[in-house]
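Reader: Let us go through this model term by term. Please set each value against its definition.

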Amino acid sequence: DSPMTPPSSLAIVHDYQHTRFFLTVYYALAVVWGARHIFYDQFSILDFLVPLSLTLCLGWWAIADARRRRTPIPLLAQAWFVLFAGLVVPGYVIWSRRWVGVGWIVTHAVMWYVLATICMHLGGMMIYGQAWLRGLGL
């Protein structure tokens, strides 16, 4: 496709495949995080693995997304997208998508939290039953 003609629909589907994969992993980590917090008072290796996985997932998505948008992140700067993903990746999303990026970040951050919370409470009710609700004061 030349710059004057719109890309084919097949190219558009392929172009956003990395974002679909990212969102699948992102929300799967929310489910794991919610399930982990059913037993919040016990130590778990997930306390280390989930934040690490989330950081790697965010950083790799931003690097892949920048390549897809034909504005690749310089090689020496890519490490910052993984080391400080919680700050740098939202900045990249806002820079690359402007106001839509702000909405994208807020929407997915809230939905991640809501999904993790729902998984925690549903799992807690399945395991502990009424004792879980009494512990919440309900």
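Author: Helices (H or I, at least four residues) and strands (E, at least two) are DSSP runs, numbered from the N terminus. From that end on, the elements of the protein chain run α-α-α-α-α-α-α. The chain has seven helices and zero strands. This is a predicted model: local features need pLDDT of at least 70, side-chain atom pairs count only at pLDDT 80 or more, and totals for chains, interfaces and linings use all residues. Residues are numbered from 1 along each chain as its sequence is written, and side-chain values use heavy atoms, with hydrogens and water left out.

Reader: What makes α3 roughly parallel to α5?

Author: Helix α3 (residues 46-68) and helix α5 (residues 85-97) pack at an angle of about 30°, with axes 9 Å apart. Axes are lines fitted to C-alpha atoms, for helices over the stretch in contact, and angles run from 0 to 180 degrees between N-to-C directions. Angles under 35 degrees count as roughly parallel, over 145 as roughly antiparallel, 65 to 115 as roughly perpendicular and the rest as oblique. Therefore α3 is roughly parallel to α5.

Reader: Which residues of α3 and α5 make the contact?

Author: Contact means heavy atoms within 4.5 Å. From α3 come T55, L58, G59, W61, A62, D65 and A66; from α5, A85, V89, Y92, V93 and R97.

Reader: How much of the protein chain is buried?

Author: Buried means under 20% relative accessible area, exposed over 50%, partly exposed in between (1.4 Å probe, protein chains only). Buried residues make up 29% of the 138 residues.
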